[in-house]
Amino acid sequence: MMCTHRVRAAFNRMVFGLIITVLAGCLATHPVSESVVAKRAQMHMGTLVTLTVVAPNPSVSERAMRAGFNEIKRLEQLLSTWRPDTELSLVNAEAGLRAVKVSQETLELVIRSLDMAQLTRGGFNIALGPAVAAWSATERQHIPDELELQQLKPLVDWTSIQVNKVTQTIFLPRMGMRIDVGGIGKGYAADRAVVEMKRAGARAGVVAISGDIKTFGMPPEGHGFPVGIKHPRKEGELIAILELMDEAISTAGDYERFFVRDGVRYHHILSPQTLQPARACQSVTIIAREGVVADGLDTGIFVLGPEEGMALVESLPDVEAVIIDAEGTMTVSSGLRNRLGMP
Ligand code: ADP
Ligand code: MG
């Protein structure tokens, strides 16, 4: 019982993000009835990554921990578009010039991203790269002018991306086009890290790449791994808690990376229509089997808005959502209503 509480307390810390001060090293190792539970945090993919491993003994735990972090590092190398030497950077550099051969893995992630675009009627759009660059990640607090954005419109057409499964190539037909997998890459990395942690012998665990969380198996005591959904306007407050069992959760919010200018909030999720920050929601949380689905859909549904977005969620098997609209009103999908607890 004690141990359960300690484990739960550890997860709550993860949810609240209070472990940020401890960037590396083992945070806790508790033996729990023939299981050890270990938790460790490191910085990767520009954010805090926290792995939790439930394993039969400390050496398996250590192996699974390493396997998980190594996989996330590998994917950072493969998918980053900020480093000039990655496959996707090469695809971007050759836009308008030639098709670029990529690994099967990159090809598949781009195909999954295009599926997400189809599903969300273009709300999720990996061709938004030039617009994301124009806003240059809110850090610079730069507001591009309307003319600059309109000129980018022809470059953000995801339907023009040419993926050839036979030659294993990707071609961006217009010069200046740019693929950006920022809206789906963390969910994919969480899925992959779980595969590697299981392969290394972990019985259960959690991969949390910032707000992209994927769980597998069950904690030594209790039914699932508890996670919290953050309040989009009250920092440090949760709006709901739930337990996950072999599920992923991901939130797209306008409160994570933003700045306010003249009373207007500018954030990092863009509407492919206006190329301005999407305005229909404050936050969208998706629960799905796969991280790649949860992460792709949270961004896409944030753009689609609460009505169309919730209708889409209800039409998909094994997908649930908590959507907070622009006014702050929360809607919960039908399959989630009896699973949510108050914090
Ligand atoms: P994060 O977990 O980093 O907050 P999100 O899942 O909320 O990620 O996706 C936001 C990121 O996705 C942005 O930083 C940008 O790189 C990219 N992006 C922004 N708007 C869109 C969009 N409409 N479709 C796809 N990707 C987007
Ligand atoms: Mg996303």
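What is the geometry of the site of the magnesium ion (ligand 2), judged by the angles among its six donor atoms? This and the points below refer to a predicted model.

1. Geometry of the metal site. The site of the magnesium ion (ligand 2) is irregular, and the angles among its six donor atoms run from 65 to 173 degrees. To count as octahedral, six donors would need opposite donors over 155 degrees apart and all other angles between 65 and 115. Water is not among the atoms, so a site may look incomplete.

2. Donors of the metal. The magnesium ion (ligand 2) is coordinated at 2.1 to 2.4 Å by Gly183 (O), Asp295 (O), Asp295 (OD), Asp298 (OD) and Thr299 (OG1). Along the sequence, the spacing of the donor residues reads G-x111-D-x2-D-T.

3. The two aspartates. Helix α8 holds both Asp295 and Asp298, which are three residues apart, or about one turn of the helix. Both of these residues are buried.

4. Helix α8 and ligand 1. Helix α8 (residues 291–304) also supplies four residues to the shell around ligand 1, the largest share.

5. Shell of ligand 1. There are 20 residues around ligand 1, and those that come nearest are Asn125, Asp180, Lys186, Arg257 and His268. Sorted by class, the shell has seven charged, seven nonpolar and six polar residues.

6. Polar contacts of ligand 1. Oxygen atoms of ligand 1 are approached by several side chains. A polar side-chain atom of Asp180 is 2.6 Å from a ligand oxygen, and for Glu256 the corresponding distance is 2.9 Å. In the side chain of Arg257, an N or O atom lies 2.8 Å from an oxygen atom of ligand 1. On its own, ligand 1 has 570 Å² of accessible area, of which the protein covers 95%.

Key: Residues numbered from 1 in each chain as written. Chains lettered and ligands numbered in written order. Predicted model: local features only at pLDDT ≥ 70, side-chain atom pairs only at ≥ 80, totals over all residues. Heavy atoms only, no water. Near = heavy atom within 4 Å. Polar contact = N/O pair within 3.5 Å; in protein donor to acceptor, adjacent residues only side chain to side chain. Areas by Shrake-Rupley, 256 points an atom, 1.4 Å probe, with all protein chains shown as cover. Nonpolar A, V, L, I, M, F, W, Y, C, P; charged D, E, K, R; others polar. Donors = N, O, S within 2.8 Å, 3.2 Å for Na, K, Ca; no water. Tetrahedral: all angles 85-135°; square planar, octahedral: opposite > 155°, others 65-115°. Buried < 20%, exposed > 50% of the residue type's maximum accessible area, 1.4 Å probe, protein only.
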